[in-house]
Amino acid sequence: ERLLLGRGEARLERLDLAGCGLVEASLPPALWRCAALRSLQLGRNRLRGLPSDVRYLDLLESVGLADNE
């Protein structure tokens, strides 16, 4: 499945994608446009790292990555 973010993405402060079976290639490009994002939960997926685009999330304070491959 695809994560679709619409007009509200600029105001999104918390996003929990834990346990969604994500790999790096499946992280949606719209995620990096969530300028207000402060907390991103990506635990229990199949991530080995984060794309360099994470640098666009200037307000990001917390990233949960527990239990990834």
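This passage describes the fold, the surface and selected residue contacts of one protein chain in a predicted model.

Residues are numbered from 1 along each chain as its sequence is written. Because the model is predicted, local features need pLDDT of at least 70 and side-chain atom pairs count only at pLDDT 80 or more, whereas totals for chains, interfaces and linings use all residues; side-chain values use heavy atoms, with hydrogens and water left out.

The chain has 0 helices and 3 strands, and the order of its elements from the N terminus is β-β-β. Helices (H or I, at least four residues) and strands (E, at least two) are DSSP runs, numbered from the N terminus. The chain holds 69 residues, of which 30% count as buried. Buried means under 20% relative accessible area, exposed means over 50%, and partly exposed lies in between (1.4 Å probe, protein chains only). Of the contacts between residues at least 6 apart in sequence, 46% join residues at least 24 apart, a contact being heavy atoms within 4.5 Å.

A search of the whole structure finds 1 salt bridge, defined as a side-chain nitrogen of Lys or Arg within 4 Å of a carboxyl oxygen of Asp or Glu. The salt bridge joins the side chains of arginine 38 and glutamate 61, with an N to O distance of 3.0 Å. This pair links distant parts of the chain, 23 residues apart: arginine 38 is in the loop between β1 (14–16) and β2 (39–41), and glutamate 61 is in the loop between β2 and β3 (62–64). Side chains of opposite charge can pair when their charged atoms come close. Arginine 38 is partly exposed, at 33% relative accessible area, while glutamate 61 is exposed, at 63%.

Serine 39 is placed in strand β2 and counts as buried, at 18% relative accessibility. Its side chain makes a polar contact with the side chain of glutamine 41 at 3.3 Å. A polar contact is a pair of N or O atoms within 3.5 Å; within protein, one must be able to donate a hydrogen and the other to accept it, and residues adjacent in sequence count only if both atoms are side-chain atoms. Leaving aside residues up to four places away in sequence, serine 39 touches Glu13, Arg14, Leu15, Leu60 and Ser62.

Asparagine 45 lies in the loop between β2 and β3 and is buried, at 4% relative accessibility. The side chain of asparagine 45 reaches the backbone oxygen of leucine 17 at 3.1 Å. Beyond residues up to four places away in sequence, the residues touched by asparagine 45 include Leu17, Cys20, Leu22 and Asp67. The C-alpha atoms of asparagine 45 and leucine 22 are 5.2 Å apart, although 23 residues separate the two along the chain.

Arginine 44, also in the loop between β2 and β3, is exposed, at 54% relative accessibility. The phi of arginine 44 is near 55°, a positive value in a residue other than glycine. Aspartate 67, in the segment after β3, has a positive phi of about 60° and is likewise not a glycine. The relative accessible area of aspartate 67 is 63%, which makes the residue exposed.

The count of disulfides is 0, where a disulfide is a pair of cysteine sulfur atoms within 2.5 Å. Cysteine 20 is partly exposed, at 45% relative accessibility, whereas cysteine 34 is buried, at 0%.
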